[in-house]
Amino acid sequence: MNEYAAPADFELTLALHLKSEIHTLLQERPAAATRSPSSPPSAATPAAPLWPGSPFPGLRAFTPADAPIFCGRGRETDQLVRRLADGGRFIAVVGASGSGKSSLVAAGLLPQLAANAIEGSKGWLLPQVVPAGAADRWQWSGLRFTPGELGDDPFVALAARLAPLLPEEITPGKLARQLARDPASFALAAASLLATRPGWAEILVFIDQFEELLTVVAEDRREPFVELLAAAAATPRLRLVVTMRADFHPRWLAWPRLPAALCTEAFSVRAPGLAALFAMITAPAARAGLELEEGLAARILEETGSDAGALALLAFALHELYEARDANGHLTHTAYDGFGGVRGAISRRAETTWQALPADAQALLQPVFAELVEVDERGVATRRRLPRSRLAVSLTASEAAETLLAAFVDARLLVSSQSAAGAVVEVAHEALLREWPRLRDWIGERVDDLRALRQAETAAAEWQRSGGQASYLWPDERLPPVLEALAQLGKDRADLAEPARSFLRLEAERLLAEITDRVTTHDRRAWIGDRLASIGDPRPGVGLLPNGAPDIDWCEIPAGTVELEGGHGEFDVARFHIARYPLTWWQYQAFLADPQGYADRKRWWQGLQRKDSSGEQFRPIGNCPADRVSWFDAVAYCRWASARLGFEVRLPSDAEWQQAATGGQRGNTYPWGSDWREGCANTWESRLRRTTAVGMYPADASVAGVLDLAGNVREWCLSQYEDPHRTLVGTDARRVVRGGSWTSNRHVAWCAYRYDYDPGDRNSYLGFRVSCVSPILKR
């Protein structure tokens with residue numbers, strides 16, 4: 001009597017041990033007698049000989065000769081036989097990498113057909129050598145191949161297998177050309193093969209690794225080969241069985257004009273259950289006369305688990321266990337511990353696979369696994385099942401990343417399969433994350449970075465489910481730690497798949513994109529400008545250089561001729577540069593804060609009137625235009641900035657300002673064209689009643705890209721109002737002011753409109769921008 005704490009405990013024991021007990025009883029029971037009329041009733045069939053060598057093939061696929069040690073897949077084999085018995089002419093056996101598709105067909109289906117498993121069938125021409133003792137008609141090598149086994153031409157691969165079987169002599173090269181030229185030629189070859197066979201005989205063609213048709217095979221060979229397969233599937237006495245990775249099956253079904261004969265329902269191979277895995281351990285061992293130490297099978301199964309990659313890891317560990325057997329054929333706990341069990345086998349397999357990669361693929365180990373590892377709040381790493389489409393963009397397009405992924409999939413360390421979300425990839429077994437030192441140590445070092453990235457991805461998914469509502473986005477203050485984590489993981493935001501890539505877009509980038517939309521309101525633009533100032537405005541031309549000098553974003557203005565209002569005539573303007581934006585408060589404040597700036601009475605104020613107080617900024621927001629600046633203040637600033645920059649900057653002349661506004665096109669009444677556009681400038685019509693950050697109206701740009709000419713603040717020019725030719729300092733003559741402002745309406749915002757102001761005036765709507773003959777040539 002055994003006691004169990006819960007029904008689930010009994011269920012596990014039943015699954016693990018019942019088949020083993022039945023198998024032992026059957027082994028101990030005398031074999032059933034096979035009698036003929038002349039045989040005595042007690043004549044028993046002799047016991048099958050012990051299996052020579054290892055009953056565990058490791059990671060290689062089983063062959064038909066391995067049928068006696070192919071265990072645990074009886075139900076799937078029967079179902080596949082039934083599919084053929086029901087008349088299936090093209091059967092796609094589909095499963096994840098490492099699920100045992102090839103072994104199921106080779107060691108399950110083919111031997112069953114050799115033993116006439118289909119009731120009423122007389123014989124099959126099978127694609128492999130079948131076990132000795134079968135009828136003579138089965139003892140031949142035949143049509144098992146992979147599309148890319150001899151290069152990128154599947155016709156060559158087929159012809160190499162088919163030509164030696166044909167009764168007439170033909171070279172594989174000539175046969176390959178015939179098959180490529182005429183799809184019906186395969187049916188003719190099959191008829192030739194069957195000519196000397198009974199009328200009930202059929203040919204079974206086994207195409208393994210069928211996904212090579214979509215990867216390895218040359219594109220100009222794919223469609224002709226599909227046509228050949230369609231013709232073959234429609235040929236009596238000819239059947240096709242292909243094995244294909246599940247993640248490629250949708251691509252196969254999406255083939256343009258895929259013939260109906262090749263669109264049959266796939267035969268899905270799923271991961272084996274616990275009972276099947278237990279049989280895969282115990283039954284082959286018994287067949288080879290090996291004895292498992294008490295509890296070892298259950299221990300191996302417990303450590304292997306039933307993950308997607310369990311079958312491949314089990315096969316690898318069992319092969320290692322066989323190599324560590326003692327002289328009496330005992331498989332012991334000590335031997336299992338000696339090579340580290342399933343975990344040790346995984347670690348060695350992973351390191352060997354990684355070491356064999358080229359250097360560029362080795363370097364991508366961390367970026368790839370950063371996508372495939374989940375870290376919980378406790379810092380525990382678990383595997384993550386990820387659609388291939390969501391792998392980092394740079395990885396998806398990287399040949400080196402594909403090399404790494406393919407190597408780890410082939411080594412059964414990653415599993416590539418198909419789900420409702422499309423092709424997915426995942427770590428085959430979580431033991432890989434814990435037991436491979438190279439990966440385990442990296443995860444330990446980067447656990448906080450991985451956690452930060454996963455939190456961001458979770459938030460991004462919620463944002464996407466909300467329909468992209470702005471309230472779900474993280475503020476800019478939360479983004480730098482995640483971006484730093486990305487950098488530590490060898491990535492940047494552009495590497496991420498959606499929606500994470502858009503979600504982690506810096507707030508400043510999102511806001512600057514928003515102002516390019518013409519429907520963005522004046523109030524929203526004003527808020528965006530203030531927000532940019534608080535989180536750090538990233539635009540060139542609004543802040544300072546590292547040395548404290550103004551960072552000016554220059555626009556080149558072409559030479560031309562300008563006609564000024566008021567009968568002042570035409571002026572020739574040489575090529576020059578002008579600032580894209582009015583001078584900002586950040587840039588002007590540097591002049592005020594510099595002990596050798598506004599306060600230096602001797603260096604910058606010669607011929608100018610200097611007030612003891614610099615005035616009070618109307619809106620002291622860093623990226624707003626400097627305001628309440630007199631003409632004298634502006635000229636002094638230009639002298640200071642010239643010394644800081646190393647080349648001369650100054651106020652633009654009256655004619656230069658107009659040339660910058662029109663772009664040299666006289667038909668431009670406004671900077672953007674001939675007609676007024678609502679919502680294009682911060683004028684009185686905006687109803688803001690204040691300045692905004694510079695550049696909040698990209699649609700008001702001039703031809704040369706200069707902004708804020710029609711609104712925000714009016715701007716001082718160097719020229720005297722009454723005589724625009726005169727720009728000399730040292731006079732109190734009234735000076736020209738240009739441009740629209742938040743206090744004036746659109747009727748005075750045109751390019752040609754001129755104001756005159758006393759040079760000492762300081763107003764909340766008065767600012768300036770600087771110009772330069774050539775900012776490229778520095779003293």
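Reading a predicted model: helices, burial and aromatic pairs

Ile-300 has its place in helix α11, residues 296-304. The model discussed here is predicted.

Q: Why is Ile-300 called buried?
A: Ile-300 has a relative accessible area of 1%. Buried means under 20%, so Ile-300 counts as buried.

Q: Which residues does Ile-300 touch, not counting residues up to four places away in sequence?
A: Ile-300 touches Ile-281, Leu-314, Leu-318, Leu-321, Tyr-336 and Val-342.

Q: Why is helix α12 called roughly perpendicular to helix α14?
A: The axes of α12 (residues 310-323) and α14 (residues 341-355) cross at roughly 100 degrees and come within 9 Å. Angles of 65 to 115 degrees count as roughly perpendicular, and therefore α12 is described as roughly perpendicular to α14.

Q: Which residues of α12 and α14 meet?
A: On the α12 side they are Leu-313, Phe-316, Ala-317 and Glu-320, and on the α14 side Val-342, Ala-345, Ile-346, Arg-348 and Arg-349. By class, this contact of α12 with α14 has 6 nonpolar, 3 charged and no polar residues.

Q: What makes Asp-220 count as exposed?
A: Asp-220 is found in helix α8, residues 219-233. Its relative accessibility is 59%. Exposed means over 50%, so Asp-220 counts as exposed. The C-alpha atom of Asp-220 lies 9.9 Å from that of Asp-152, a residue 68 residues apart from Asp-220 along the chain.

Q: How do you know that the span of helix α25 is close to the one expected?
A: Helix α25 (residues 522-535) has 14 residues and reaches 20 Å from its first C-alpha to its last. At 1.5 Å a residue, 20 Å is expected, and the span is close to that value.

Q: Against what do the buried residues of α25 pack?
A: The buried residues of α25 pack against α24 (507-514) and α26 (585-593). Among them are His-522, Arg-525, Ile-528, Leu-532 and Ile-535. After α25 comes Gly-536, which has a positive phi, near 105 degrees.

Q: Why is the pair of Phe-618 and Trp-742 called stacked?
A: A search of the whole structure finds 31 aromatic pairs. In the pair of Phe-618 and Trp-742, the rings are 5.4 Å apart centre to centre, with 5 degrees between the planes. Centres within 6.5 Å make a pair, and planes under 30 degrees apart count as stacked; the pair is therefore stacked.

Q: What makes this a pair that links distant parts of the chain?
A: Phe-618 is in the loop between α26 and α27 (631-645), while Trp-742 is in the loop between β19 (735-738) and β20 (754-757), 124 residues apart.

Q: Are Phe-618 and Trp-742 buried, partly exposed or exposed?
A: Phe-618, at 29% relative accessibility, counts as partly exposed, since that class lies between 20% and 50%. Trp-742 has a relative accessible area of 9% and is buried.

Q: Why is the pair of Tyr-670 and Trp-676 called edge-to-face?
A: The ring centres of Tyr-670 and Trp-676 are 5.3 Å apart and their planes stand at 65 degrees. Planes over 60 degrees apart count as edge-to-face, so this pair is edge-to-face. Tyr-670 is buried, with a relative accessible area of 9%, and Trp-676 counts as buried at 16% relative accessibility.

Q: Which residues form one aromatic cluster?
A: The cluster consists of Tyr-588, Phe-591, Tyr-598, Trp-605, Tyr-637, Trp-640 and Phe-768.

Technical notes. Residues are numbered from 1 along each chain as its sequence is written. This is a predicted model: local features need pLDDT of at least 70, side-chain atom pairs count only at pLDDT 80 or more; totals for chains, interfaces and linings use all residues. Side-chain values use heavy atoms; hydrogens and water are left out. Axes are lines fitted to C-alpha atoms, for helices over the stretch in contact, and angles run from 0 to 180 degrees between N-to-C directions. Helices (H or I, at least four residues) and strands (E, at least two) are DSSP runs, numbered from the N terminus. Angles under 35 degrees count as roughly parallel, over 145 as roughly antiparallel, 65 to 115 as roughly perpendicular and the rest as oblique. Contact means heavy atoms within 4.5 Å. Ala, Val, Leu, Ile, Met, Phe, Trp, Tyr, Cys and Pro count as nonpolar, Asp, Glu, Lys and Arg as charged, and the others, Gly among them, as polar. Buried means under 20% relative accessible area, exposed over 50%, partly exposed in between (1.4 Å probe, protein chains only). The expected span of a helix is 1.5 Å times one less than its number of residues. Rings of Phe, Tyr and Trp (its six-membered ring) pair if their centres lie within 6.5 Å; planes under 30 degrees apart count as stacked, over 60 as edge-to-face and the rest as tilted.
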